[in-house]
Amino acid sequence: MDQKGAHDCESCLYYDYDEEWECEICTLDLDEDEMERLASSRYSSCPYYRFYDEYKLVQKQN
């Protein structure tokens with residue numbers, strides 16, 4: 001995982017627009033314990049971060 005990119009939620013696969021809340025949110029489904037660990041800053045970067053590359057996705061579709 002790229003440490004520089006790990007702090008950038010906007011490039012994460014799980015970061016998406018929520019129409020109900022009308023804002024960008026993390027859509028990763030975490031249980032209560034995982035959310036607490038993530039919110040308590042025990043991590044220097046998000047361990048769930050996955051780089052979203054829409055161009056790579058399009059290449060697989062072709």
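Author: D29, D31, E32, D33 and E36 form a negative surface patch. Patch residues have over 30% relative accessible area and no salt bridge, and like charges are joined within 9 Å. A salt bridge is a side-chain nitrogen of Lys or Arg within 4 Å of a carboxyl oxygen of Asp or Glu. Asp and Glu count as negative, Lys and Arg as positive; His and the chain ends are not counted. Each charge is placed at CG of Asp, CD of Glu, NZ of Lys or CZ of Arg. Areas come from the Shrake-Rupley method with a 1.4 Å probe.

This is a predicted model: local features need pLDDT of at least 70, side-chain atom pairs need pLDDT 80 or more, and totals for chains, interfaces and linings use all residues. Residues are numbered from 1 along each chain, and side-chain values use heavy atoms, without hydrogens and water.

Take D29. It is exposed, with a relative accessible area of 73%. Exposed means over 50%, buried under 20%, partly exposed in between. D29 sits in the loop between β2 (23–26) and α1 (32–39). Helices (H or I, at least four residues) and strands (E, at least two) are DSSP runs, numbered from the N terminus.

Now the whole chain. Its pattern is β-β-α-α. Of its 62 residues, 16% count as buried. C12 is buried, at 10% relative accessibility. C23 is partly exposed, at 30%.

The structure has zero disulfides. A disulfide needs two cysteine sulfur atoms within 2.5 Å. The closest cysteine sulfur to that of C12 is in C26, 6.1 Å away, too far for a bond.

Note on methods: Patches are made of residues with over 30% relative accessible area and no salt bridge: like charges are joined within 9 Å, nonpolar side chains (Val, Leu, Ile, Met, Phe, Trp, Tyr) within 5 Å. Buried means under 20% relative accessible area, exposed over 50%, partly exposed in between (1.4 Å probe, protein chains only).
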